[in-house]
Amino acid sequence: MSDALPAPADTPADSSWSGVHRGPLQEGEWVRLTDTKGRRHNIRLEAGKRFFSNKGHLDHDELIGRDEGFSVTSSAGGEYLVFRPLLSEFVVSMPRGAAVVYPKDAAQIVAMADVFPGARVVEAGVGSGALTCSLLRAVGPEGHVSSYERRQEFADVAEKNVTQFFDGRHPAWELTVGDLVESMKEEDGSVDRVVLDMLAPWECVDRVAQALAPGGIVCAYVATTTQLGRTVETIRAHGGFTEPQPWETLVRDWHVEGLAVRPGHKMIGHTGFLVTARRMAPGQVAPAKKRRPAPGAYGVDYTGPRPSGLPPTAADETQDD
């Protein structure tokens, strides 16, 4: 089944489709209220409505028409900062059907996969739409993001979230419910970037290789070391890509008060691994790595894909009795 998103009925005032609004707050916009303890509430402004919390209520009419970046006091004395939510704030608080790609990883994907304005991008595994928002912002209205999602319930949640963030259905987005290998519509060699956020990305490597233009980039996002190893080895053994590069990022905040400058107590540690590789031209093979594999790396216990030209001593290693 395929569900291609129709063109939006109403185009946002900002024709760049960035999801960013300027000027005074308007009815229908989403704002984020943050109290003095850091608790956050996202509300959609509607004339005549009230926001309620354990600190009393706030009238939406008090917020509409003001420039963002102000504080208000509720009926029971609660103080709130009022801003439009950033993309990084929106994606960690939006409704979820599946786990989201966190901002630190979405930023790495956009940067290290070199997603550019006008790019033709295929995304497999739309999840809740968090990464989709970053990809659409990067490619802009002149680009194209084709998202594939196997599960209808996830696709429904993603569609609502992405449409909410951009305040309309982004003209560069096409959402298809179905398996990437079976449902991909893109012609061979027509895709600039492929992002795989799925359980078994190695199953798609052959199809991805067909779709990517020479020089194009595949980027896989996986959660476990088992998935990481299988993905890297499958891309490596395919022969039509450069040596895959795996990594992860960790984010640690810092406490700064006068002379008290130290690492914070909170850290965003492991969320997922990333792997990137570039597509070689048809018939071309990247030079093999000159560094020999570690002893036992491809020994008798290894059952995954084997890179071409594997040293016999590594491939035929035997165990002592």
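Is Asp114 buried, partly exposed or exposed? Asp114 counts as partly exposed because its relative accessibility is 43%; buried means under 20% relative accessible area, exposed over 50%, and partly exposed in between, with a 1.4 Å probe and protein chains only.

The model is predicted: local features need pLDDT of at least 70, side-chain atom pairs count only at pLDDT 80 or more, and totals for chains, interfaces and linings use all residues. Residues are numbered from 1 along each chain as its sequence is written, and side-chain values use heavy atoms, with hydrogens and water left out.

## Overall picture

The protein has eight helices and 15 strands. Helices (H or I, at least four residues) and strands (E, at least two) are DSSP runs, numbered from the N terminus. Along the principal axes, the C-alpha atoms fill a box of roughly 75 × 55 × 30 Å. Of the 321 residues, 44% are buried. The protein exposes about 16900 Å², and carbon and sulfur atoms supply 52% of that area; accessible areas come from the Shrake-Rupley method with a 1.4 Å probe, and for residues only the protein chains shown count as cover.

Contact means heavy atoms within 4.5 Å. Among contacts in the protein with a separation of 6 or more, 61% are between residues 24 or more positions apart.

## Helices H2 and H3

In H2, the residues Lys104, Asp105, Ala106 and Ile109 are buried. The cover over the buried residues of H2 includes H3, strand S10 (191–196), S11, strand S13 (251–257), strand S14 (260–268) and S15.

An α-helix has 3.6 residues a turn, so residues three or four places apart point the same way.

Ser134 lies in helix H3 (residues 130–139). Ser134 counts as buried because its relative accessibility is 14%. Leaving out residues up to four places away in sequence, Ser134 touches Leu87, Ala106 and Val110. One of these, Ala106, is among the buried residues of H2.

## Strand S15 and its partners

Five of the six residues of strand S15 (residues 273–278) are buried, so that the strand is mostly covered. Two strands pair if DSSP finds at least two bridges between them. S15 runs antiparallel to strand S11 (residues 212–222), with six bridges joining them. Ala220 has Val275 in S15 as its bridge partner. Strand S12 (residues 245–247) also runs antiparallel to S15, and three bridges join these two. Here Gln245 stands opposite Thr276 in S15.

In a regular strand the side chains alternate between the two faces of the sheet.

## Loop residues

| Residue | Loop | Relative accessibility |
|---|---|---|
| Asp114 | between helix H2 (103–112) and strand S7 (120–124) | 43% |
| Asp167 | between helix H4 (152–166) and strand S9 (173–177) | 43% |
| Gly69 | between strand S4 (56–59) and strand S5 (70–73) | 42% |
| Glu46 | between strand S2 (40–44) and strand S3 (50–53) | 28% |

Most residues other than glycine have a negative phi, and most peptide bonds are trans. Asp114, which follows H2, has a positive phi near 55°. Asp167 has a positive phi of about 60° although it is not a glycine.

Gly69 touches Val82 and Phe83, not counting residues up to four places away in sequence. Gly69 and Phe83 are 14 residues apart along the chain, and their C-alpha atoms are separated by 5.2 Å.

Glu46 is in contact with Glu27, His60 and Ile64, leaving aside its neighbours within four places in sequence. The C-alpha atoms of Glu46 and Trp30, 16 residues apart along the chain, are separated by 9.6 Å.

## Cavities

On a 1 Å grid over the protein atoms alone, a cavity is a set of points where a 1.4 Å probe fits but cannot get out, and lining residues have an atom within 4 Å of a point. Grid points are joined across faces, edges and corners, and a volume is the space filled by probe spheres set on the points. By this rule there are three cavities of 30 Å³ or more.

The second largest cavity holds about 40 Å³ of space. Its lining includes Ala99, Val100, Val101, Glu123, Leu131 and Asp197. By class, the lining of the second largest cavity has six nonpolar, four polar and two charged residues; Ala, Val, Leu, Ile, Met, Phe, Trp, Tyr, Cys and Pro count as nonpolar, Asp, Glu, Lys and Arg as charged, and the others, Gly among them, as polar.

How values were computed
On a 1 Å grid over the protein atoms alone, a cavity is a set of points where a 1.4 Å probe fits but cannot get out, and a pocket is an open set with protein on both sides within 12 Å along at least five of seven lines; lining residues have an atom within 4 Å of a point.
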